[in-house]
Each structure stands twice: as C-alpha cells, then as structure tokens.
Amino acid sequence: MIYRYFLFCLIFIKILSPPLLYSEDFTKLSSNDSVSIPRDLYYRDNFASQWWYFTGHLENDSGKSFGYETTFFIVNVNNEKFKSPFGLNRVYMLHSAITDINKHKYYYKNTLSRGAYNVAGFSADKKIVWVFDSYLKGNIDNFEIYSKNDNFSINLELTAMKNPVKNGDNGYSRKVDSCEECASLYFSITRLKTTGEINLNGKTYNVKGISWFDREINSDYDATKIKGWDWFSVQLNDGRDIMLYLLRDQGGDIENVSMGTIVYPDSSYRTIKLKDFDIKVLSHYRSKKTGKKYPSKWYIRIPSENLDLKVIPLVKDQEFIPSEMNIPIYWEGACVVEGSVNGKAYVELTGY
C-alpha cells in the first residue's frame, strides 16, 4: 500500500501545463465500488493516478542480504486529443531502490517520463507498464520486473504464493473519514516467491527471496486533511502476513479510517480496524541529508492474533529523495520483525 502517490497526483495536476483534468473530472469512487480481478491489475482509464508496487527481501547463496523497492505509477493530467506526440496526457514515474543490508548502504532512483513516442506506456496484455527500459510484465500469478538505473538494476521473476486480497471493503479503501470519494481501489498479493538478479555498482548477485505486491487506483483525496501516514507490510515466519496503516490529520491525530488486513497461510484474510491494533514508536532517526526526524522502531500489538511485535529498520538511512523538487521526500525501508513471532517487514513513512 503506497499512499504517497495521492500527493504526486495533486502536485502534477497543479504544476503541469494546461488544460488539465481536475479531481471533479475523474471517475468518482463510492462505497459501492469494489476491486475486480484480474481487470484491476491492468491500467484503468479516467482515474487520477494508479500504481504497481513491489518490495521484498532478497539474499544470495553466500548470505548477502538486500531489500528492494520497485514502483511504477501513472498520473493522468489531460484527455485532450493532441496532434503532436509531445502532447501531455499523463505522466509516468518509476521509483526503484536497493538496500545493501550487509554494507548499510541505500541506493535509489526516480525516473519521470511524458510518454512521448511510446518511451513509456501501458497495455492490457503481458507488458503491463513501462518507463524507458524498465518494465513490469505478467499476469495475476506471475510477474517479471526489470528496473535499470545508473548504478544498480533489478531483474526479478515473481510467482504468487497466495491469492490476492481485497483491502478495506471488498477493495474499496477510504482514506478520509468524512469523504466517501476520497478512496482507492486496493488489492495486494502479500507473498511472492522471487528469484533473479540485482546488479549493484557493476557487480551482479543471483538472489532469491520473498516479495510483496500492492495495486491501487484512485481519483480523489482531500490532501488538506492529511499530513502523512505510516504503512507497514509484515511477513511473519508462521505464514501470516499483515498490512497496517495509520493516516495522520493536520493536527497529528490518527484518522479513524486507518486499518489493516490479516492474511493467513491458506490465503484467507480479514480486515481489522483501528481499535483492533496498537502501534507505538520506540525510537527515532534524524536524517543527515534532510534533517527530517522519522520514527525508527515500532511496537505493534494485535490482541486478537496474540501478536506482540517489534519492527526494527535493518538500515537507518533508507530515505528516498526524488530529484524533482516538487515530489515529496519519504522513508521506505527494509526491517526485521522480532517478538511473539519473527519475520520481515517493509515500512513507509511520509509527512515528517
């Protein structure tokens, strides 16, 4: 689940050349909407923004460990029929990152394209979305990711180990308590067997591990009410997976629509509400690059699951700083889970 993109959507709508579509011109979501699979795996037209998000934990045979993030997203800004190939209808973006856990180093890159001359695009077949040489291919059971960057690349094959889960109310996921259309269509595949290779500073590593996939489609958020969010994807060693998020309003209070999903080893799942779990910050980290102060260790308690967990970053500095100044800075990082059940996690932090 990757909420930062509603900010990207609003930013692009404001700063890119007119005439532009605004939120009232996009398809509106309501509580009657739901996710349809496999339809919603592929690009959905006339929504403000959408994204395909992968994170995971990888290692090679010698025990070297990595975390990774690869996210493709599309922001629609105009539906004009341009004669020029440079006419701006939508913006494509790729965020990629590798955490070298053994060396405590973090590498990241954001890539932006207008899509002119088909250098970025989407399709409803095996090639789902691409940005320059990087792409996502596949279907609901099997994916292929290729992300090429200046000093690192990611080339992975992923096979679903669990069925998709529809987060929220059958995939309708509200983000602002008082706004029905401030929502997204949201589903996840919480475990994917992952094999392939990563290249880091010219050295190639054959790797394997477990990944997480999120897919979201949205049209409207009331960004004036949301300051930021903390999002957790947890993969426990007993086969349970947990997605949790806390949305913070401008005063720093937690929105009542904050929620989570518990996914069991047999792919059955259930939704939990804010009252069903507790998250406490145990320590903080201040970035030497931006001066931002982020939470850096958490205690998570879910009484109905008999879970008491500590989530600890494997590398403190996993701060993603986009090269475009209008795109928000965020922290997204690989973590270890200790407690009543051990495991691994990815955490995303915005609004700090």
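Which strands each supply at least two residues of the lining of the largest pocket?

**Figure 1. Overview of the predicted protein chain.** The model is predicted: local features need pLDDT of at least 70, side-chain atom pairs count only at pLDDT 80 or more, and totals for chains, interfaces and linings use all residues. Residues are numbered from 1 along each chain as its sequence is written, and side-chain values use heavy atoms, with hydrogens and water left out. The protein chain has one helix and 23 strands (DSSP runs numbered from the N terminus; helices, H or I, have at least four residues and strands, E, at least two). Of its 352 residues, 56% are buried (under 20% relative accessible area; exposed is over 50%, partly exposed in between; 1.4 Å probe, protein chains only). Among contacts (heavy atoms within 4.5 Å) between residues at least 6 apart in sequence, 60% join residues at least 24 apart.

**Figure 2. The largest pocket.** The space in this pocket is about 300 Å³. Its lining has 18 residues, and His57, Ile210, Gln235, Asn237 and Lys344 are the closest to its centre. Strands E1 (49–59), E2 (65–76), E13 (203–220), E14 (226–236), E22 (330–339) and E23 (343–350) each supply at least two lining residues. On a 1 Å grid over the protein atoms alone, a pocket is an open set of points where a 1.4 Å probe fits, with protein on both sides within 12 Å along at least five of seven lines; lining residues have an atom within 4 Å of a point. Points are joined across faces, edges and corners, and the volume is the space filled by probe spheres set on them.

**Figure 3. Thr111 and its contacts.** Thr111 is found in strand E4 (residues 105–113). Thr111 is buried, at 17% relative accessible area. Beyond residues up to four places away in sequence, Thr111 touches Tyr92, Met93, Leu94, Val131, Phe132 and Asn149.

**Figure 4. Phe132 in a nonpolar surface patch.** Phe132 lies in the loop between strand E6 (127–131) and strand E7 (134–138). Phe132 counts as partly exposed because its relative accessibility is 44%. With Tyr117 and Val119, Phe132 forms a nonpolar patch.

**Figure 5. Surroundings of Arg44.** Arg44 is found in the loop between helix H1 (4–15) and E1. Arg44 is buried, with a relative accessible area of 18%. Leaving aside neighbours within four places in sequence, Arg44 is in contact with Arg39, Gln50, Leu185, Arg215 and Ile217. Phe122 is 78 residues from Arg44 along the chain, and their C-alpha atoms are separated by 10.0 Å.

Technical notes:
Patches are made of residues with over 30% relative accessible area and no salt bridge: like charges are joined within 9 Å, nonpolar side chains (Val, Leu, Ile, Met, Phe, Trp, Tyr) within 5 Å. Accessible areas come from the Shrake-Rupley method with a 1.4 Å probe; for residues, only the protein chains shown count as cover. A salt bridge is a side-chain nitrogen of Lys or Arg within 4 Å of a carboxyl oxygen of Asp or Glu.
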